[in-house]
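Have the structure open as you read.

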Amino acid sequence: MSTIDAAIPVPSAVHSFLDRDYSLRAWLSTRDHKRIAILYALGITGFFFLGGIAATLIRLNLVEPNGLLLNAETYNKAFTFHGVVMVWFFLIPSIPATLGNFLLPLMIGARDVAFPRLNLLSWYLYMAGGLFTVAALLGGGVDTGWTFYTPFSTMFSNTNVILVVVGVFVAGFSSILTGLNFIVTVHALRIAGMTWFRLPLFVWSMYAVSLVMVLATPVLAMTLALIGLERLAHVGIFDPALGGDPLLFQHLFWFYSHPAVYIMILPAMGVVSEIIACFVRRRVFGYRFMTFSILALAVIGFLVWGHHMFVSGQSMYASMVFSILSFIVAVPSAIKVFNWTATLHKGDITFEAPMLYALGFVGLFMMGGLTGLILAAPALDVPLTDTYFVIAHFHYVMVGGSVMAYLGGIHFWWPKITGRTYPEGWARSAAVLMFFGFNLTFFPQYILGYEGMPRRYHSYLPEFQILNVLSSAGASILAVAYLLPVVYLLWSLRRGGTAGNNPWGARGLEWQTTSPPPQENFLRPPVVREAYAYDEPAP
Amino acid sequence: MNATVAEADWRANGVQVEEQYDDAAQQREAATLGMWVFIATEVLFFGVLFASYTICRILFPQGFAVASRHTDMVLGTAETAVLLISSCLIALGARAVKLDQNRLAAGLLAGTAALGLAFLVMHGFEYHKEYAEHLIPGVDFMQRGPQAQAVELFFCLYYCITGFHSLHVAIGVSVILVLVVRVLRGSYGSQRYTTPELTALYWHLVDIVWIFVYPLIYLVGRAG
Amino acid sequence: MSALSSLPQASTIAPQVDALFWFMLALCVIVVLGVLIAITVYSVRYRRGSPADRSGRLAQSTGIELTWTLIPLALFIGVFTWSLFVFARMRSPPEDSQTVYVIAKQWMWKAQHPGGQREINALHVPLGQPIRLTMTSEDVIHSFYVPAFRVKQDVLPGRYTQLWFTATQIGNFPLFCAEYCGLDHARMGGNIVVMAPSDYSRWLEGHSGPQSLAARGAALFRSHGCSGCHGPDASVHAPDLDGLYGRWVHLTDGSTVIADDRYIRDAILLPKQRLVAGFAPIMPSFSGQLSEEDLLALIGYLKSTSSVANDPPAIGSESTHEHD
């Protein structure tokens, strides 16, 4: 691990963005994208553990066929809580709002994002929406599932649906404004010489994700507003008794929520590209194909929402169209998996924790994505939808995928953000433990789903018990694996080693400044070259 | 690195270039792109309502025709005219700012705001009339007859669409009024016109949304 | 072949679904193994400090990229096409299917056979006979799911959806609700009881209700005044309903629809929605006066006066007035 920072002033002589003004007021009124990223990280970590507590309750309950811990009502509220918090307050903002906010300006040689005050507003909207939603979920709970299907959510549920919907609505605007900010930042603030096809793939994925956030989230906002209105005024766009249509809700909801999953995975893919390039010390294989794949996922992702509705009563012909498009959208993902694998060829590979997370991502994302292909075939989706097979599928891509990539990114850029190094031994152990715990938790669920266990079940037939127990055992291992990083990363803030500017010897522009960076990001203009110029010495 | 350019901008034109920008031109480009992206989000936002309307209208063509006849076409047409004229005024006002004609600009912008307010007042009258006719779904809806359900659906969509639209008009009017004050103070000119220009863009969006709303709400089934 | 699973293949479609599933699973396993082996081999061979030759590394290759773009695409299209045929079969009940009506409500399944037999949370069917379920919900969305048959269909309020199967094994097969529907969603289960045809006939006789569905519908037809306008002696000009079921109906807006279960239900509840050409819009709505079971009985009655033995092929999702 060499540090190439001879030409750059020694960190202690420079004020980093962290130590210029410590006060709470300074932090809460900051316009610095780096501080905003850290504010987000705190919120996101908090919501992750809240959602995780709900998951713990769920898995504990499912140890017994009749439900060990919770009655049906509480269980239904628990899985709704888990879904709402994890989707909107963890997965969607996680990488873009933390790593994206911190790194995007650095990676393009900018001093900040295009609209710093809007950036801070985004954080306040996120926290407001989040606190409001959690309060609603905890104060009485909501039992509709995170998908709010009508007419149950509008006419039959006796819980705080409107409050939760308002919270998500508010948080949605956080997403929209962040996306808007990133789009303009990438267009307008690239440093001279940083052309589009020299951008790191992480920047490409932030850009594509921002396009999706900006176009899809408004649809969710209005749809949730209509749900709230229907609950309040009992008029039915979605109510069949008034001639309304519950399927209309599903179309509107999934029109957002399918692109939403690409919001969750594209940033993860961007992180993985950065990590793999660094620890293989080579350019990512097929840079252009990778960028076109990122854009293809963003665009085609808008065209496949009906694959969530194959058994909903949708016409057979609509289902067929959505099916072929869903097969097609898998192609760019496949290209990326193959390209990451090919990047390893003739590389110079080391296996620090970020690399373990990245390789774990490739394997687990691939498994989740392939089972998505199975679900894309309507003939197979018919028996498998609404079962644990789907739950396993999306947890493989979202947890085995996005969460692992998020953690990999946190570890990879931890020295840059904090100026500290984390303990490598602990980090590798946690990564391996996580991989093992994850598979033990979710692989049995594929089998459960195939065997016919439906989802959102508080209790189940006795023949499903063994697999459920295995899954819950895995979950307990996962819980430990998630707690470990919190402990040793916090520990490293006090006792970790000092990081140089470029502890990994990586090639992005962010590594050409101090760790942590100064408030204005660069003390002297960074040198811009082709992306992943690992065949040349670091500048 | 670019402090000298930014300072030059400030000294020459009074343009405050924020520190993440290299110069005023870059800042202006970024702001413009930002407004266009925002407009795209608004299109998607209203799009949900238009899509829902379309589907419901295909399902209940006769019901929607009956419902549309309960709307006040005179007021609706007047509102359309008012918004179209206001768009013209704000375009002229933004142009006047660019030509350093501050008083004219302030007058035109004030005119736009006034027309916007007129729109809101007229729409308020419409809502009042609908309240008097018991056309508020869920709260006070007393239509009977064969198409009652479709009429109720229509009005549900009507209040959503016009309600959100009026909210956008109100926000626009507030921003324009602030602009009027700042134009009179000389905050804008031929080198500093981004804010008025982008506000005009926003106002045009508000106008265009209404241009779609008008035929869909007021003109269904009136042709025959 | 379902040797890898304890789930029976108890319907005609189950082996077809399984064949596609295991094929796709095999493909997935091959890809996963391929990629994992490649990753492992590369990780070992090209780990830092290894003596492997690293010269001549490609950073891109359009040829290689196109290969692993087009081959998966071709495979996907192949699998998609195969899936299309199986899916089309799943959605096309045979001409000789027997209809059973299912009504879902929180939190139970109610089934009605045409002969008037009623069941709760159970459905008795004969072996080897195609059964078509016409289903609706009284409240929220539910989903009728029988894993052993590989069938599932959401059941919606306000409309009819359908599902068909032919059972190929005798026994009891679990039925689940597969769309979250509130408090006791997990307890909304039951059994499909497949019997030999002779046993099934005996069961039908033993459980027949006071009236067949059609007879009950006829009684409702009279008691709710339908015959007052639609009967042969009516003074009002109303469409003749004899033989209506399964025929094409001309509407005032020029379109035609087929008089299937859904059309009849809508005509009773929302009579002004699709007006029949040549008739004044004077039929009152019976919304709120008839339960879902009553509606099914009336439909059963109208079917019995028609020469069409079964639901016309395009019911529910494929009928002309479906919007998607």
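In this predicted model, chain A and chain C bury about 7,400 Å² between them, and 69% of that area sits on carbon and sulfur atoms. On the chain A side, A:Phe285, A:Lys346 and A:Tyr450 lose the most area to chain C, together making up 10% of what that side buries. Counted by residues, 88 from chain A are in contact with 86 from chain C.

What about polar links across this interface? There are 26 residue pairs in polar contact between chain A and chain C, counting pairs with both residues at pLDDT 80 or more. The salt bridge count between these chains is two.

Which elements of chain A supply two or more residues to the side that touches chain C? They are helices H3 (72-107), H5 (152-156), H8 (246-280), H10, H11 (353-376), H12 (378-384) and H14 (424-451). H10(A) gives the largest share, 17 residues. By class, that side of chain A has 49 nonpolar, 26 polar and 13 charged residues.

H10 deserves a look of its own. This helix of chain A covers residues 316-343, 28 residues in all, and reaches 41 Å from its first C-alpha to its last, close to the 40 Å expected at 1.5 Å a residue. Because 22 of its 28 residues are buried, H10(A) is largely enclosed by the rest of the structure.

| Residue(s) | Feature | Value |
|---|---|---|
| A:Thr150 and A:Pro151 | cis peptide bond | omega about -5 degrees |
| A:Ser515 to A:Pro516 | cis peptide bond | omega near -5 degrees |
| A:Arg456 | positive phi, not a glycine | phi about 60 degrees |
| A:Asn521 | positive phi, not a glycine | phi near 80 degrees |

Where do they sit? A:Pro151 is in the loop between helix H4 (116-138) and H5 of chain A. A:Pro516 falls in the segment after strand S2 (497-498) of chain A, and A:Asn521 also lies in the segment after S2. For A:Arg456, look in the loop between H14 and helix H15 (465-495) of chain A.

Conventions: Residues numbered from 1 in each chain as written. Chains lettered and ligands numbered in written order. Predicted model: local features only at pLDDT ≥ 70, side-chain atom pairs only at ≥ 80, totals over all residues. Heavy atoms only, no water. Helix = DSSP H or I, 4+ residues; strand = E, 2+ residues; numbered from the N terminus. Expected span 1.5 Å × (residues − 1). Buried < 20%, exposed > 50% of the residue type's maximum accessible area, 1.4 Å probe, protein only. Contact = heavy atoms within 4.5 Å. Buried area = accessible area lost by both parts, 1.4 Å probe. Salt bridge = Lys/Arg side-chain N within 4 Å of Asp/Glu carboxyl O. Polar contact = N/O pair within 3.5 Å; in protein donor to acceptor, adjacent residues only side chain to side chain. Nonpolar A, V, L, I, M, F, W, Y, C, P; charged D, E, K, R; others polar.
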